Amino acid sequence: QVQLVESGGGLVQAGGSLRLSCTTSESIFSSNDMGWYRQLPGKQRAFVGRISRSGFTVIDSLVKGRFTISRDNAKNTVYLHMNSLRVEDTAVYFCNTIPNHTWGQGTLVTVSS
């Protein structure tokens with residue numbers, strides 16, 4: 001069973017930055033592209049971005065220019081770097097393999113005005 005552990009969420013003021021982390025097993029990490037998703041209050045989970053095994057990234061237009069994704073293959077970890085955060089970025093953020101496997105618990109990001 002795939003286990004994904006997200007961390008790094010918290011409370012931040014608008015305009016601030018956060019870095020989220022997602023760790024999984026080496027076998028899963030090395031053989032999959034990885035994606036970040038978020039679920040805004042009362043909304044369905046939505047795609048934020050993805051990174052291929054080679055490091056190629058795709059970022060959703062809603063956050064492009066503010067969010068970036070990177071991965072550290074030595075640590076089996078993928079990161080979501082979030083800058084210029086807005087109140088509307090408040091959500092639970094999840095990572096997953098692509099294609100998706102079992103979802104983790106996510107990490108809550110709250111952006112205050």
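Biologist: How many bridges pair strand 7 with strand 8?

Modeller: This is a predicted model, where local features need pLDDT of at least 70, side-chain atom pairs count only at pLDDT 80 or more, and totals for chains, interfaces and linings use all residues. Residues are numbered from 1 along each chain as its sequence is written, and side-chain values use heavy atoms, with hydrogens and water left out. Strands are DSSP runs of E with at least two residues, numbered from the N terminus, and two of them pair if DSSP finds at least two bridges between them. Strand 8 covers residues 77-82, and its antiparallel pairing with strand 7 has a bridge count of six.

Biologist: Which residue in strand 8 is the bridge partner of Thr 68?

Modeller: Strand 7 spans 67-72 and is an edge strand, pairing on one side only. In strand 8, the partner of Thr 68 is His 81.

Biologist: In what order do the four strands of the open sheet lie?

Modeller: Pairing in this sheet is antiparallel. One of its edge strands is strand 1 (5-7). The order is 1-3-8-7.

Biologist: Which residue takes a positive phi in the hairpin of strand 4 and strand 5?

Modeller: These two strands pair in the antiparallel sense over six bridges, with Gln 39 bridged to Arg 45. Five residues lie between the strands, and the one with a phi near 75 degrees is Gly 42.
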